[in-house]
Amino acid sequence: MSAVKHLLWRSNGAVETYSQKVARLMAGNEVFHYPLDEPSGTIMTNAFGTGDGTYSGAAAQAGTSPTGGFSRWFDGINDFGDPVVAGAWATAFSAAEGTLSAWGKVHDTGVWTDGTLRHLLRVQNGAAIDLLSFQKRNTNNDLRTQYSSLSLGNAETISTVSTTGWFHLATVWTDSGNYVRHLIDGVQVGSDIDRAAAWGAAPNGTKNVIGAFENTGTQSWHGWLWGMACMNRAASDAEVAKLATI
Ligand SMILES: [Ca+2]
């Protein structure tokens, strides 16, 4: 019998959903939060309440999320979720201080060797130089986590990944702390890189997308996505570990 555990235990004995944990950890620093756990429909709810997005494809699937609830299934061909980049996306997002958190799972092991670029999440401004991305590269088993700014260049890591289970990705950037840090399943990948800086503009345009490279569906994810959130504060490693824990 499979265990369904929509509620998570806290160290103080209380229980909460994963979405409630994200809301608690990011309180006061909210940018966006797409749980991707709607049971049906094409509305991609922003739990931070600054404008919902729209799914194109990306069907709801019961019993698939890391907690046994709904997640969204991307079939690898033109599926994506298109956020409305407004409200906090434009005003609260900080290229100087922030944290990006997301969960992904491939359809099967063959996705890691399918020779195709596939995106989990992308945040970018129209200049196409300042960006954040989580993507599977067209090189076998390569997973790229990337923070890039015009003034400081590219801060990225390439990880060798072959899991067919859920994995968690996080990027933490801080100008005041002088680093960009990438973590998989709560563990830092490589060394701290460069530092963060102001972007030329706030996120805008067609390349702010979940599950694809842009809002035409190119380079679509093939598998499941869930629990994507961003705040305008650099999370500590302990906080990222909590985001990466079910
Ligand atoms: Ca499709």
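# Briefing: a predicted chain of 18 strands and three helices

Among contacts in this chain between residues at least 6 apart in sequence, 64% join residues at least 24 apart. Two residues are in contact if their C-beta atoms, placed from the backbone, lie within 7 Å. This is a predicted model: local features need pLDDT of at least 70, side-chain atom pairs count only at pLDDT 80 or more, and totals for chains, interfaces and linings use all residues. Residues are numbered from 1 along each chain as its sequence is written.

**Overall build**

- The chain has three helices and 18 strands. Helices (H or I, at least four residues) and strands (E, at least two) are DSSP runs, numbered from the N terminus.
- Along the principal axes, the C-alpha atoms fill a box of roughly 55 × 45 × 35 Å.
- Of the 246 residues, 44% count as buried. A residue is buried if 20 or more other C-beta atoms lie within 10 Å of its own, exposed if 12 or fewer, and partly exposed in between; C-beta atoms are placed from the backbone.

**The core**

- The largest nonpolar core has 56 residues. Such a core is a set of buried Ala, Val, Leu, Ile, Met, Phe, Trp, Tyr and Cys residues joined through C-beta atoms within 7 Å.
- Phe32, Ala102, Ala170 and Leu225 have the most contacts inside this core. Strand β18 (residues 222-231) gives the largest share of the core, seven residues.
- In soluble globular proteins, nonpolar side chains tend to be buried together.
- Leaving aside neighbours within four places in sequence, Phe32 has contacts that include Phe48, Trp89, Ala229 and Cys230.
- Met231 also sits in strand β18. Met231 is buried, because 27 other C-beta atoms lie within 10 Å. Beyond four places in sequence, its contacts include Met26, Val31 and Thr99.
- Met231 and Ala212 are 19 residues apart in sequence, and their C-alpha atoms are 21 Å apart in space.

**Strand β5 and its partners**

- Strand β5 (residues 53-56) has a covered face, Gly53 and Tyr55, and an uncovered one, Thr54 and Ser56.
- Strand β4 (residues 43-44) pairs with β5 in the antiparallel sense over two bridges. Two strands pair if DSSP finds at least two bridges between them. Ile43 stands opposite Thr54.
- Strand β8 (residues 80-82) also runs antiparallel to β5, joined by three bridges. Here Ser56 stands opposite Phe80.

**Loop residues**

- Most residues other than glycine have a negative phi.
- Asn141 has a positive phi, near 65 degrees. Asn141 lies in the loop between β11 (131-136) and β12 (142-149). With 16 other C-beta atoms within 10 Å, Asn141 is partly exposed.
- Asn178 has a positive phi of about 60 degrees. Asn178 lies in the loop between β14 (167-174) and β15 (179-184). Asn178 is exposed, with 10 other C-beta atoms within 10 Å.
- Asp175 is in the loop between β14 and β15. Asp175 is partly exposed, with 19 other C-beta atoms within 10 Å.
- Asp175 and Glu97 are 78 residues apart along the chain, yet their C-alpha atoms are separated by 6.2 Å. Glu97 is among the contacts of Asp175, as are Arg195 and Ala197.
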